[in-house]
Amino acid sequence: MKNTYVVNIVGALLVTLLFQGFQCASSEFTGAKMHIQQREYDKALQLLETEVSKNPQNEEAWYLLGAVRAEKGDYEGMNAAFAQALKLSNLHEKEIRDIRYSRWGTHINNGVNFLERASADSAQYYEMSINEFKKSIAAWPDTGLTYRYLGYAYNNKGDLENALAAYKKAWEMGDEAEAAKRAGLIHIRRGQDLKNQFESKNADAIKTMKNLDRVRRNTSKSDVMLALGAPDEVKRGPRGTKKEDWTYKKYNLTVSLDADKVVSKKFSVPYNANIDSSMFKEALKEFTSAIDILVDARKKDPKDSEIVSFLMQAYIDADRINEAISTFQVQVQADPSNKQNRYVLGVLYRSAGKFDEAIAEFQEALKIDPNFADAIYDIGATYYNWGVDIIRDAEEKGVETKAYVEKFEKALPYMEKVSEQKKEDPQIWDTLGTIYARLGKTDQATKAFEMSDKLRQGK
């Protein structure tokens with residue numbers, strides 16, 4: 001958020017504006033003008049209200065009534081009076097605009113100043129800022145920018161519900177792409193919070209389902225024991241064989257093993273872990289809302305990299321990877337020189353397990369910007385993930401393979417380059433250490449892991 005917003009106060013002094021075009025009229029109208037000159041606004045207000053009730057066609061009286069109400073801070077009444085004046089004539093259109101603009105600018109500047117002073121130790125300034133922005137909106141309700149600033153105040157205060165409403169209002173009124181982006185981010189964070197709550201509430205059940213899923217063909221006997229514990233019953237096969245049937249009554253499950261490897265698993269009745277998915281469904285709604293508004297915001301400002309990143313995150317969190325891939329394929333075709341679009345498409349391809357396609361997009365991004373650190377890292381990370389997948393697949397099939405070595409060797413130069421650019425990131429050193437270890441480079445692996453430990457310990 002920009003911390004300053006300067007508004008030039010337009011127009012002459014109010015009293016000067018009030019006396020343009022005066023004509024002889026009723027005693028109430030004449031008296032009101034006199035009280036305005038003397039800044040006796042309460043008395044002027046009473047006389048003007050009487051005047052417009054008697055002479056509703058008096059455009060100037062409506063205009064003056066609006067101006068006096070502005071002085072009293074009654075912006076709803078001000079706008080109602082100005083609206084009546086403009087219905088009758090545009091004689092004071094400029095003066096009306098200047099008064100509204102002046103009031104709007106004063107309050108928005110006040111609001112920004114209070115917001116700059118607000119912090120956890122001076123939270124009262126958040127409310128003061130919010131009140132000023134609300135006054136600014138009341139003075140001139142036709143601009144979306146003020147709602148965006150109101151959203152900033154609520155957001156910084158931690159009131160995300162009202163911040164979201166303000167951001168969406170700003171987007172609806174003025175195509176404020178920045179406001180739409182922030183609204184999308186709130187939806188993403190709320191979705192992630194709900195997802196975390198879902199996972200926390202159902203942690204045991206989710207862990208059980210993951211452990212059951214870990215038991216597959218060619219899983220070792222010891223890994224079955226680690227995942228599910230000791231069986232309730234063990235039925236051994238014919239003498240001379242290494243066949244066993246392990247029964248887990250709790251899961252209605254029988255695991256058949258031969259030579260210490262799983263050959264099959266069967267559920268007599270499908271196992272129900274009793275997972276409460278209500279919060280997960282609510283999380284998906286939040287991610288969908290984020291996608292909807294961010295897609296529109298991106299049309300408004302396609303070069304905003306944050307919008308692109310948030311949209312990608314929302315698609316991934318919503319598990320709508322294929323849809324996201326289709327969306328960004330179109331974007332890349334429309335603007336092939338946009339490195340950010342190519343990078344995002346690469347991340348999405350990798351999330352879908354399409355490693356070749358992912359690396360191709362990252363390399364295209366590097367052709368556009370050879371120093372694009374994120375693309376350099378993600379090429380290395382993609383080769384690394386590819387190698388890990390090869391290892392896991394081989395373990396599940398019970399076969400030996402060295403195919404992963406090629407992937408780790410290709411990952412290594414990219415991760416080494418990233419470690420030079422991001423020396424303070426322990427995760428980089430962890431990944432680099434794992435690659436060195438897999439390639440048998442023990443000394444380098446040890447140094448990388450030591451560097452990671454030092455960084456985490458703040459040394």
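Predicted model: local features only at pLDDT ≥ 70, side-chain atom pairs only at ≥ 80, totals over all residues.
How far apart are the end C-alpha atoms of helix 4, and what span should its 13 residues have at 1.5 Å a residue? Helix 4 covers residues 59-71, and at 1.5 Å a residue it should span 18 Å, while its end C-alpha atoms are 19 Å apart in the model, which agrees.

Let me stay with helix 4 for a moment and ask how it sits in the structure. Of its 13 residues, 12 are buried, so helix 4 is largely enclosed by the rest of the structure. Those buried residues include Trp62, Tyr63, Leu64 and Leu65, but also Glu59, Glu60 and Arg69. If you look at the two ends, you will find that Asn58 caps the N-terminal end, with a side-chain oxygen that lies 3.2 Å from the backbone nitrogen of Glu60, and that just after the helix Gly73 takes a positive phi of about 80°.

Now please turn to helix 8, residues 144-157, where we can go through the same steps. Its 14 residues should span 20 Å at 1.5 Å a residue, and because its end C-alpha atoms are 20 Å apart, the expectation and the model agree. Is helix 8 mostly buried or exposed? Here 12 of the 14 residues are buried, so this helix, too, is largely enclosed by the rest of the structure. Among the buried residues are Tyr147, Tyr149, Tyr152 and Tyr154, together with Arg148 and Asn155. What covers the buried residues of helix 8 includes helix 6 (93-117) and helix 7 (124-139), as well as helix 9 (160-174) and helix 10 (177-201). At the start of helix 8, a side-chain oxygen of Thr143 reaches to within 3.4 Å of the backbone nitrogen of Leu145, and just after the helix Gly158 takes a positive phi of about 100°.

His35 lies in helix 2, residues 27-37, and with a relative accessible area of 13% it counts as buried, because the cut-off for buried is under 20%. Leaving aside neighbours within four places in sequence, His35 is in contact with Glu40, Lys43, Ala44 and Leu47. Glu361, in helix 17 (residues 355-368), is buried as well, with a relative accessible area of 12%. Asp258 belongs to strand 3, residues 253-258, and is partly exposed, with a relative accessible area of 30%. Not counting residues up to four places away in sequence, Asp258 touches Lys242, Lys243 and Val263. The C-alpha atoms of Asp258 and Ser220 are separated by 9.7 Å, although these two residues are 38 residues apart along the chain.

Finally, let us look at the largest pocket, which has a volume of about 390 Å³. It is lined by 16 residues, and those that lie nearest its centre are Arg214, Thr219, Arg392, Glu395 and Glu396. Which helix gives the most to this lining? That is helix 18, with four residues, and both helix 18 (373-397) and helix 11 (203-214) supply at least two residues each. If we sort the lining by residue type, we find two nonpolar residues, four polar and 10 charged.

Conventions. Residues numbered from 1 in each chain as written. Heavy atoms only, no water. Buried < 20%, exposed > 50% of the residue type's maximum accessible area, 1.4 Å probe, protein only. Contact = heavy atoms within 4.5 Å. Expected span 1.5 Å × (residues − 1). Polar contact = N/O pair within 3.5 Å; in protein donor to acceptor, adjacent residues only side chain to side chain. 1 Å grid on protein atoms, 1.4 Å probe; cavity = no way out; pocket = protein on both sides within 12 Å on 5 of 7 lines; lining within 4 Å. Points joined across faces, edges and corners; volume = space filled by probe spheres on them. Nonpolar A, V, L, I, M, F, W, Y, C, P; charged D, E, K, R; others polar.
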